[in-house]
Amino acid sequence: MNNLYLVVAALWFISCSSNNSNDDKIEYDSTIVNNLPAPQPITFSIDAVYPHDKQAFTQGLQFYNGKLYEGTGEPNQSTLRIVDIKSGTPEKKYLIKDPAIFGEGVTIFNKKIYQLTWENNKIFVYNLDNIFKPVDTLNWQYPGWGLTNDGSKLIISDGTDKLYYVLPDEEKNNMKLLKILSVSDNRGMVDSLNELEYIDGFVYANRWYTNDIVKIDTANGHVIGKINMTGLLQQYAPTDVIKDGDVLNGIAYDSATKKLYITGKNWPKMFEIKLN
């Protein structure tokens, strides 16, 4: 989300949830409210650090056939791009022409690129061989945050604890809702689910305004693991000025190398990591 919209987003969260959690700004309630085990810490090693376009308000990442696809947000700045990982430079970049559009998560499904929008209730569809012209626009009734797929269904987050499993219905220009998965851990519901990545049967999700990526069991919605990425920018970009809204957001997985590419909104760096 854009930090210009923090007040609006905060009010929206209050209306959706009475249990908003924020690692950096809201102290967690340590009370255990169910019988779920606490998420296990997931450690990682950093294999490489690459430049990242600091003007890119990253909302979605997808690694596909050796290429990195990135969706960015902000009104009049929302883009879809194919990025050279090592230089951080877009090889191709499409600026969405409607200045009111706020781009969000992206994924590649059935050889098409899907790009969410935040509050515009639209999902743009592109052919893989041409990111400069959407071939379809589908309607979506909820706010769009993160987007991934499990090979047979799209999975969408809306900033709450919910993950929506859907299929595109191009004849009706909308999304067919198949199921809703509620996400929880030993403290209760886990909201603020943002950018998503599906890896080996689990959904990994950034939690907005935290340094955490949570690992979600898609069979039951339970958070079984947590990656804490506190301090990355302080260590690898100590002289860069990071604004309040420039938070961790962006997960792409290369299934061939088993590596993840991690970045954030307006971050100057992208991290190639391997989970331990």
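Does Tyr261 count as buried or exposed, and at what relative accessibility? In this predicted model, Tyr261 comes out at 7% relative accessibility, so the residue counts as buried, the cut-off being under 20%.

Tyr261 sits in strand β22, which spans residues 259-264. This strand belongs to an open sheet of 4 strands, laid out in the order β2-β23-β22-β21 with antiparallel pairing. At the edges are β2 (44-51) and β21 (248-254), each with pairing on one side only. Going from one strand to the next, the twist averages 25°. Between β21 and β22, the antiparallel pairing runs over 5 bridges, and here Ala252 is found opposite Tyr261.

As for the neighbours of Tyr261, leaving aside residues up to four places away in sequence, the residues touched include Leu61, Phe63, Ile85, Ile251, Met270 and Phe271. Tyr50 is also among them; this residue is 211 residues away along the chain, with a C-alpha separation of 9.7 Å from Tyr261. Glu272 is another of the residues touched, and its side chain makes a polar contact with the side chain of Tyr261 at 3.1 Å.

Zooming out, the protein has 2 helices and 23 strands. Of the contacts between residues at least 6 apart in sequence, 55% join residues at least 24 apart.

Methods
Residues numbered from 1 in each chain as written. Predicted model: local features only at pLDDT ≥ 70, side-chain atom pairs only at ≥ 80, totals over all residues. Heavy atoms only, no water. Pairing = 2+ DSSP bridges. Axes fitted to C-alpha atoms, helices over the stretch in contact; angles between N-to-C directions. Contact = heavy atoms within 4.5 Å. Buried < 20%, exposed > 50% of the residue type's maximum accessible area, 1.4 Å probe, protein only. Polar contact = N/O pair within 3.5 Å; in protein donor to acceptor, adjacent residues only side chain to side chain.
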